[in-house]
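My notes follow in the order in which I checked things.

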Amino acid sequence: MKQQRLDRLIAVIEQLGDGHFHSGEAIGQQLNVSRTAVSKYIQEVQKLGIDVFRVTGKGYRLMSPLQLLDAEKIAALVNQASSAVDFEVDRIVTSTNDVVKQRLHESTIQSGFTVFAEAQTAGRGRRGKQWVSPFGSNLYTSFYWRLEQGMSSAMGLSLVIGSVVARVIETLGVPGVELKWPNDILVDGKKIAGVLVELEGQALGVAHAIIGIGINVAMPEPSKAAMDQPWTDIGSLLVEGFDRNKLAALLLSDCHAALLQFNQFGLKPFIQQWQQFDRLSNQHVRIIMGDKEIVGIAMGIDET
Ligand code: BTN
């Protein structure tokens, strides 16, 4: 989509974000476009998974107001120890992992650099799956981390992040959070968050990890039909609402602290936390590796 169209689309969303009625005429005036053009923008808004409806004589309204991510709020809520971490908040991107990769190629970014977005038009999950990413309702973020030891340390890193995300969700008050190997985050057997680590670099030598995290916060009605696996969201498990900016800041602070610790001590400090959430602990499992198969009881992870 061309930049001007994208800017106008975001302007429409921001205008509607207060949850009040806005007439097509008023939106058109603000954007300097016709009412017909406004109705096309509204269709685009709906394609982003936003629940918007129209009442004759009143105009357009969202089903519920939006609480947008705000870089200043996030910066104010980030831990002192992570306050120097560089981050950006975007509105609509293909995938936050793509944005980190782009920044990695066009400039020098430091480990910890983080991207948050309100919506992803091509959000991806593990094993080539789509990650449903409607606007302004869930959390989509990616961190950059430089792997001095090369790609071999990436598996441990992915386990560390899974356990941090599980703990962050639990900290918000969500009961019964579990981790399913290697880093699916579930509640009651339903997916609440996922981690996608993508790597760049040479097999031997420094590698670059792009760590994408998606958390279902409040899945809007229109996106529910697109979900292809059992899922849940934080909103339906908590009685009280909370600020997504707080979740963003908590995630940034805790992932940054954990990755620094991982750099220094490896997996050792995280084993206990991982086991605490381990859904497969003491369960019969089958490990399939090509034509080889191992049958046994999952006992958790060790340092390697
Ligand atoms: C999974 O399949 O469990 C992993 C899902 C990871 C989704 C996140 S959302 C932010 C980042 N950008 C993406 O395109 N994917 C990850």
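I began with the site itself, keeping in mind that the model is predicted, and found that the space taken by the ligand is the largest pocket. I then listed the elements that give two or more residues to the shell around the ligand, and these are α5 (96-106), β5 (139-147), β8 (190-201) and β9 (207-215). Of the elements, β8 gives the most, with four residues.

Next I looked at the shell as a whole: 19 residues surround the ligand, and the closest are S95, Q120, R124, R126 and K191. Sorted by class, the shell has four nonpolar, 11 polar and four charged residues.

I then turned to individual polar atoms. A nitrogen atom of the ligand lies 2.9 Å from a polar side-chain atom of Q120, and a polar backbone atom of R124 is 2.7 Å from a ligand nitrogen. For K191, I noted a side-chain N or O atom 2.5 Å from an oxygen atom of the ligand. The ligand taken alone exposes 410 Å², of which the protein buries 98%.

Finally I followed β8 to its partner strands. With β7 (residues 184-187), β8 pairs in the antiparallel sense over three bridges, and V187 has K190 of β8 as its bridge partner. Two residues lie between these strands in their hairpin, where D188 takes a positive phi near 60°. With β9, β8 pairs in the antiparallel sense over nine bridges, A193 having I215 in β9 as its bridge partner. The hairpin of β8 and β9 has five residues between the strands, and G205 in the turn has a positive phi of about 115°.

Conventions
Residues are numbered from 1 along each chain as its sequence is written. This is a predicted model: local features need pLDDT of at least 70, side-chain atom pairs count only at pLDDT 80 or more; totals for chains, interfaces and linings use all residues. Side-chain values use heavy atoms; hydrogens and water are left out. A residue is near a molecule or strand if one of its heavy atoms lies within 4 Å of it. A polar contact is a pair of N or O atoms within 3.5 Å; within protein, one must be able to donate a hydrogen and the other to accept it, and residues adjacent in sequence count only if both atoms are side-chain atoms. Accessible areas come from the Shrake-Rupley method with a 1.4 Å probe; for residues, only the protein chains shown count as cover. On a 1 Å grid over the protein atoms alone, a cavity is a set of points where a 1.4 Å probe fits but cannot get out, and a pocket is an open set with protein on both sides within 12 Å along at least five of seven lines; lining residues have an atom within 4 Å of a point. A molecule sits in a cavity or pocket if more than half of its atoms lie within 2 Å of its grid points. Ala, Val, Leu, Ile, Met, Phe, Trp, Tyr, Cys and Pro count as nonpolar, Asp, Glu, Lys and Arg as charged, and the others, Gly among them, as polar. Two strands pair if DSSP finds at least two bridges between them.
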